[in-house]
Amino acid sequence: MNYILPRATLLASIIAASCTAHAAPVRTVVLDKAADQATSIEIRHAKGAGAASDLFTTHYYTGGAMLMAWGNQSVLLLCKKSAYLKLPGMKPAASELPLEKRQMIGYEAMMAGYGSLASISGLVDGKIEVADDGSEVRRQAERSWAYGVERYDVISQRMPNGALRVRALKTATVNNAKPSKPGDTFSTEDDQAARLRELGAVGSWTEVTIHDTPRRGEINAAFPLKDWVSVTGDHAATVGEARRINGCE
């Protein structure tokens, strides 16, 4: 039987065939390896659809130094024994905190970046795909929680400047819990509600952008540490002096 396809249907078929024939090649990227080669990593997070996002940035320098910043707060890590805090507006002031609390702030800042990257990496088994032409690559992923799974759209893209961008957008919370019965010790309604409160809202997202340029040398030894507070209690005036005092190689 001969028949004529409607013009719109024919056009859609041609476009679909063209897109399939010219789909951009994709490459697999191991997130941990990309992070190890990074010169800086930006992490953005929003608590829900339409919510304002916050930004946490880590810059890496030759010699192992790291500068972490969020808002107007900063933590400068020169080596394992030497870190400095710049936390304007904090009450009590960082200079009034015991050394243990200062050290904890430095540790939490360092782990904030690692935690977000690890969270996304766990969703995709440590690997994502990026298209050679810079277009977005999308996939679905799930993460288990106590009574079900969370579902995500994971979007990866190689940016024009070479940076790698990965966003995990939460699309659903699946709750498979059954109504609790009198005398239940586990899976009580209170426990179910508590576990739900621990989860991010549908529409929340985390985005990691990994840059591998420009390369940074060592932090200038003359960089002043005025207004920075040491986690070890020293009063170094410059980065060079801080390195000497704390035995940074």
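**Figure 1. The largest pocket and the residues that line it.** In this predicted model, the largest pocket has a lining of 23 residues, and His45, Ser116, Ser119, Trp205 and Thr206 are the ones nearest its centre. The space inside comes to about 370 Å³. A pocket here is an open set of points on a 1 Å grid over the protein atoms alone, where a 1.4 Å probe fits and protein lies on both sides within 12 Å along at least five of seven lines; lining residues have an atom within 4 Å of a point. Grid points are joined across faces, edges and corners, and the volume is the space filled by probe spheres set on those points. As for the idea behind this, rolling a probe the size of a water molecule over the atoms shows where empty space is left.

A note for every view: this is a predicted model, in which local features need pLDDT of at least 70 and side-chain atom pairs count only at pLDDT 80 or more, while totals for chains, interfaces and linings use all residues. Residues are numbered from 1 along each chain as its sequence is written, and side-chain values use heavy atoms, with hydrogens and water left out.

**Figure 2. Which elements supply the pocket lining.** At least two lining residues of the largest pocket come from each of β2 (40–46), β3 (54–60), α3 (99–123), β9 (148–158) and β11 (205–211). Helix α3 gives the most, with six residues. By type, the lining holds 11 nonpolar, seven polar and five charged residues. Ala, Val, Leu, Ile, Met, Phe, Trp, Tyr, Cys and Pro count as nonpolar, Asp, Glu, Lys and Arg as charged, and the others, Gly among them, as polar. Helices (H or I, at least four residues) and strands (E, at least two) are DSSP runs, numbered from the N terminus.

**Figure 3. A nonpolar patch on the surface.** Have a look at Met104, Tyr107, Met111 and Tyr114, which together form a nonpolar surface patch with about 390 Å² of accessible area. Such a patch is made of residues with over 30% relative accessible area and no salt bridge, with nonpolar side chains (Val, Leu, Ile, Met, Phe, Trp, Tyr) joined within 5 Å. The areas come from the Shrake-Rupley method with a 1.4 Å probe, and for residues only the protein chains shown count as cover. Tyr114 lies in helix α3 and is partly exposed, with a relative accessible area of 39%. Buried means under 20% relative accessible area, exposed over 50%, and partly exposed in between (1.4 Å probe, protein chains only).

Figure 4. Arg165 and Glu207 meet through their side chains in a salt bridge, at 3.0 Å from N to O. This pair links distant parts of the chain, with Arg165 in strand β10 (residues 164–175) and Glu207 in strand β11, 42 residues apart. Arg165 is buried at 11% relative accessible area, and Glu207 is buried too, at 8%. A salt bridge is a side-chain nitrogen of Lys or Arg within 4 Å of a carboxyl oxygen of Asp or Glu.

**Figure 5. A salt-bridge network and a further pair.** The structure holds nine salt bridges, and Glu136, Arg138, Arg165, Arg167 and Glu207 are linked in a network of them. Within this view, Glu136 pairs with Arg138, their closest N and O atoms being 3.1 Å apart. Glu136 is partly exposed at 37% relative accessible area, whereas Arg138 counts as exposed at 54%. Another salt bridge joins the side chains of Arg151 and Glu142 (3.1 Å, N to O). Arg151 is partly exposed at 39%, and so is Glu142, at 46%.

**Figure 6. Two cis peptide bonds.** Most residues other than glycine have a negative phi, and most peptide bonds are trans. The bond from Lys91 to Pro92 is cis, with omega near -5 degrees, and Pro92 sits in the loop between β6 (82–86) and α3. Thr213 and Pro214 are also joined by a cis peptide bond, with omega about -5 degrees. Pro214 belongs to the loop between β11 and β12 (229–230).

**Figure 7. Two aspartates with positive phi.** Asp125, in the loop between α3 and β7 (127–131), has a phi near 55 degrees. Asp125 is exposed, with a relative accessible area of 68%. Asp227 has a phi near 75 degrees and is found in the loop between β11 and β12. Asp227 is exposed as well, at 57%.

How values were computed
Patches are made of residues with over 30% relative accessible area and no salt bridge: like charges are joined within 9 Å, nonpolar side chains (Val, Leu, Ile, Met, Phe, Trp, Tyr) within 5 Å.
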